[in-house]
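Please consult the sequence and the structure shown here alongside the text.

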Amino acid sequence: MPEYQRFDAVACEFPRPRVPLLPALHWADIGFGGGTVAPALIDGTAVRHFARGRYAMHAACQAGGIGPGTVLLAPSYHCRTMIDPALALGGTVLFYAVDSDLTPRVDSIRALLAPRDHGIKALVLPHYFGFEQPPALLAAVSAVCRHHGIMLIEDCSHAWQVAAKRAQTGQANADHVLMASPYKFFGCEDGGVLWANPALFPITPPAKPGLLREIKAFKSAWSRNRAAHATATAAEPRDPALRGHDILERHDGPSAQYEPAMENKNSLALSRWVMRRTRIAPLVERRRRHYTQWLEAVAGARGGQALMPDLPDDCAPYMFPITIAEPDPVFYQLKHAGMPIFRWDDMAVSSCTVARNYRLHLLHLPCHQGLSAQQMAWMTALVSKALA
Ligand SMILES: Cc1ncc(COP(=O)(O)O)c(C=O)c1O
């Protein structure tokens, strides 16, 4: 049974983030004459829509043959929703090591595949934070998967633009699929996409959400849109001495963030409309500007370092990943001030030293298109002061 190490923050009483972690619907990004996303990427025959990426991953794992007695290979640096689908199917998960730049350790993958009775059916390879894995490594992992007859699932949950570039590769092969989480890139309320050879899809497409869910989503989009530009201010001071703690636990099944009832459900029509209509270039440009602003803000900081200091020309970053030397007190200071932060501090225990270290030391900070200049100024000042 997998063992997880989870940071329990309940006792900390952290305030809600003062700035949204994810983009909201922004009318200026919508082109009423049509968007700029290639139609085949959203409406093609080799595309299936789900409510979240994890349910697209569920369909991918199912197509790869994951079920009781079989194994998914996943990176040791992961969030629970990456592995939930395999566990929900009754499979187990083994973890391959990653290097400090989050590239996969091919030697570790090979070692896991060495036993004759490995039971491995599929491998997940993420493009973390919107950065495409190096082509040589992608080719190496793909070759290992093909040699062993296992499915390669390219996880583009953070990397819509990488999926846009590579989706055709998946569609052409029956042993290679891609998935993404549109709501992390577009200002939409939900979404998970799977690109795969149509032969792999079940005959019945995912069920459509009802009108009530569409109306609720529209209201949520409206209120997130209105709240998105609230001025960021420091949160009410709480007791700075409050601390969380790590818990070790064992479970067989998926986490509470995985709802089996949402498997095989289509995304909202509203989300697909937003995806079709969004003008991509200005959105990518704003993400890149914010990412560069983060790089400048933390350059020379003593207490932290950008994980990915070079922004390739074609990269649309999802978050700004930064390693911090002292999670205590820096993480607490930032969270108590209302800083929006993702951290994968609920993770299966593995022998990978990088994953063990990043669990508490790697912070994911927002750089999405919806952030205002004031919000960026507030966040970068807060972080650079905490890391000075
Ligand atoms: C790398 C990665 N893959 C997959 C998922 C699951 O995606 P979703 O949240 O769309 O279900 C996540 C979720 O955060 C993720 O970060």
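Strand β11 (residues 319–324) pairs with β13 in the antiparallel sense over 5 bridges. Within this pairing, Thr 323 stands opposite Leu 362 of β13. Both strands belong to an open sheet of 3 strands, ordered β10-β11-β13 with antiparallel pairing. Its edge strands are β10 (304–306) and β13 (362–366), each of which pairs on one side only. Neighbouring strands of this sheet are turned against each other by 35° on average, direction ignored. Axes are lines fitted to C-alpha atoms, for helices over the stretch in contact, and angles run from 0 to 180 degrees between N-to-C directions. Strands (E, at least two residues) and helices (H or I, at least four) are DSSP runs numbered from the N terminus, and two strands pair if DSSP finds at least two bridges between them.

The model is predicted: local features need pLDDT of at least 70, side-chain atom pairs count only at pLDDT 80 or more, and totals for chains, interfaces and linings use all residues. Residues are numbered from 1 along each chain as its sequence is written, and side-chain values use heavy atoms, with hydrogens and water left out.

Because 5 of its 5 residues are buried, β3 is largely enclosed by the rest of the structure. Buried means under 20% relative accessible area, exposed over 50%, and partly exposed in between (1.4 Å probe, protein chains only). In a regular strand the side chains alternate between the two faces of the sheet. In β3 both faces are covered, with Val 71, Leu 73 and Pro 75 buried on one side and Leu 72 and Ala 74 buried on the other.

Strand β3 runs parallel to β4 (residues 92–96), to which 5 bridges join it; here Leu 72 stands opposite Val 93. Strand β3 is also joined by 3 bridges to β5 (residues 120–126), again in parallel, and the bridge partner of Val 71 in β5 is Ile 120.

Together, β3, helix α3 (residues 80–88) and β4 make a right-handed β-α-β unit; right-handed means that, with the strands pointing away from the viewer, the path from the first strand over the helix to the second runs clockwise. Helix α3 is mostly covered, with 8 of its 9 residues buried, among them Met 82, Ile 83 and Leu 87. Just after α3, Gly 90 takes a positive phi of about 90°.

The loop between β3 and α3 contains Ser 76, which is buried at a relative accessible area of 1%. Its side chain reaches the backbone oxygen of Tyr 96 at 2.8 Å. Tyr 128 lies in the loop between β5 and α5 (135–148) and counts as buried at 3% relative accessibility.

The ligand has 13 residues around it, of which Gly 53, Arg 54, Asp 155, Ser 181 and Tyr 183 come nearest.

| Residue | Distance to a ligand oxygen atom |
|---|---|
| Arg 54 | 2.6 Å |
| His 158 | 2.8 Å |
| Lys 184 | 2.8 Å |

The protein covers 94% of the 380 Å² of accessible area that the ligand has on its own. Accessible areas come from the Shrake-Rupley method with a 1.4 Å probe.

Conventions:
Near = heavy atom within 4 Å. Polar contact = N/O pair within 3.5 Å; in protein donor to acceptor, adjacent residues only side chain to side chain.
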